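I opened this notebook page to keep track of what I looked up and in what order. The entries below follow the sequence and the model.

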Amino acid sequence: MSLILNGTWENSYGSTMTLEVGSDGLILGEYGSHTGSTGTYIVVGYCRPINPVQDASQPLVLSIYWRSTGDEEPDEGSHWVSTYCGQLDSTGQMTVMNSLVTTTQYQNFEPGDYIDKLVFTKSSSALPTNHIKHLTQQDTEVANPINGIWQSTEQRVELALALQDQRYGFVSGWLSYNHERVKVYGFTDTLPQQHNNILQSVSLSGYMMNTGQPISLVGRIDQDADVLAVSRWLANSTSADDAFFQASSMNWQLVKQS
């Protein structure tokens, strides 16, 4: 079945996002931005691999690392990540909540979480180049503070992560949550830290097959405390009338195990 989600999408800022979806719901793509920093960025995410219908939209999550894959010189905004959480409805409109995590001071931004609602419409059926497809098929580990096991006994969550690629900040691992073991892919900031900044941004995406819900984690590592603080986002499939239920968020704090 050909999914409507495959192709190029454009939002009101003029940014474009080209996505390709695998049979398991894994999304790989590219993002072209003309606001804030300008460049091309890699996208990884998950969706429920079923086209939307009138009473059930297609839920999805995406992770983005705002470090351009082009020749642009990195700036302070290149340390940041986002997660998108939302759904594609049967009219062809993709609505997502953008949770942008900033870990450095840059332009008018202080370190924090910035939330925005974005609406995309499809502009073509062109597919992305997929620079990182090979990364999902290899088993390597590059030294990085993110590597290891992270746990929250309060939330009964365990997260096992490994950096796969230094240049793209590509991360893979497993999330144990809600009686399910979920494969996750995403990004972490791998640029050298400056100005004594100890925060390292992280964005991960997965798909909970038991409930049919894409899940994403976005936040930052405090390298001094070995603590990973994230917002957990769940994408829900709803009708148009219940679209306000499409994205839910909860804060988690995970501690690295020695």
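Which backbone oxygen lies 2.8 Å from a polar atom of the side chain of Thr 104? I found that it is the backbone oxygen of Glu 76.

Before going on, I noted that this is a predicted model, in which local features need pLDDT of at least 70 and side-chain atom pairs count only at pLDDT 80 or more, while totals for chains, interfaces and linings use all residues. Residues are numbered from 1 along each chain as its sequence is written, and side-chain values use heavy atoms, with hydrogens and water left out.

**Entry on Thr 104.** I placed Thr 104 in the loop between strand E7 (93-102) and strand E8 (112-124), where strands (E, at least two residues) are DSSP runs numbered from the N terminus. Its side chain also has a polar contact of 2.9 Å with the side chain of Trp 80; a polar contact is a pair of N or O atoms within 3.5 Å, and within protein one must be able to donate a hydrogen and the other to accept it, with residues adjacent in sequence counting only if both atoms are side-chain atoms. Why does Thr 104 count as buried? Thr 104 counts as buried because its relative accessibility is 6%, the cut-offs being under 20% relative accessible area for buried, over 50% for exposed and partly exposed in between (1.4 Å probe, protein chains only). Leaving aside neighbours within four places in sequence, I listed the residues in contact with Thr 104 (heavy atoms within 4.5 Å), among them His 79, Phe 109, Pro 111 and Asn 197.

**Entry on the rings.** My search of the whole structure gave 13 aromatic pairs, counted for rings of Phe, Tyr and Trp (its six-membered ring) with centres within 6.5 Å, where planes under 30 degrees apart are stacked, over 60 edge-to-face and the rest tilted. One of them is the tilted pair of Tyr 84 and Phe 120, at 6.2 Å centre to centre and 40° between the planes. Tyr 84 lies in strand E6 (residues 81-88) and Phe 120 in strand E8, so this pair ties together parts that are 36 residues apart in sequence. Both Tyr 84 and Phe 120 are buried, and I also found them in a cluster that ring pairs link together with Tyr 31, Tyr 41 and Trp 66. Elsewhere, Phe 244 is exposed, with a relative accessible area of 60%.

**Entry on the barrel.** I then followed the 8 strands that close into a barrel in the order E9-E10-E11-E12-E13-E14-E15-E16, with antiparallel pairing; two strands pair if DSSP finds at least two bridges between them. Strand E9 (residues 148-152) pairs with strand E16 (residues 247-256) in the antiparallel sense over 2 bridges, and Gln 151 stands opposite Val 255 in E16.

What encloses strand E14 (residues 213-222)? I noted that 9 of its 10 residues are buried, so strand E14 is largely enclosed by the rest of the structure. On one pairing, 10 bridges join strand E13 (residues 199-208) to E14 in antiparallel fashion, with Ile 221 in E14 as the bridge partner of Gln 200. On another, 8 bridges join E14 to strand E15 (residues 227-235), again antiparallel, and Ser 216 has Trp 233 in E15 as its bridge partner. E14 and E15 form a hairpin with 4 residues between them, and Asp 226 in the turn has a positive phi of about 55°.
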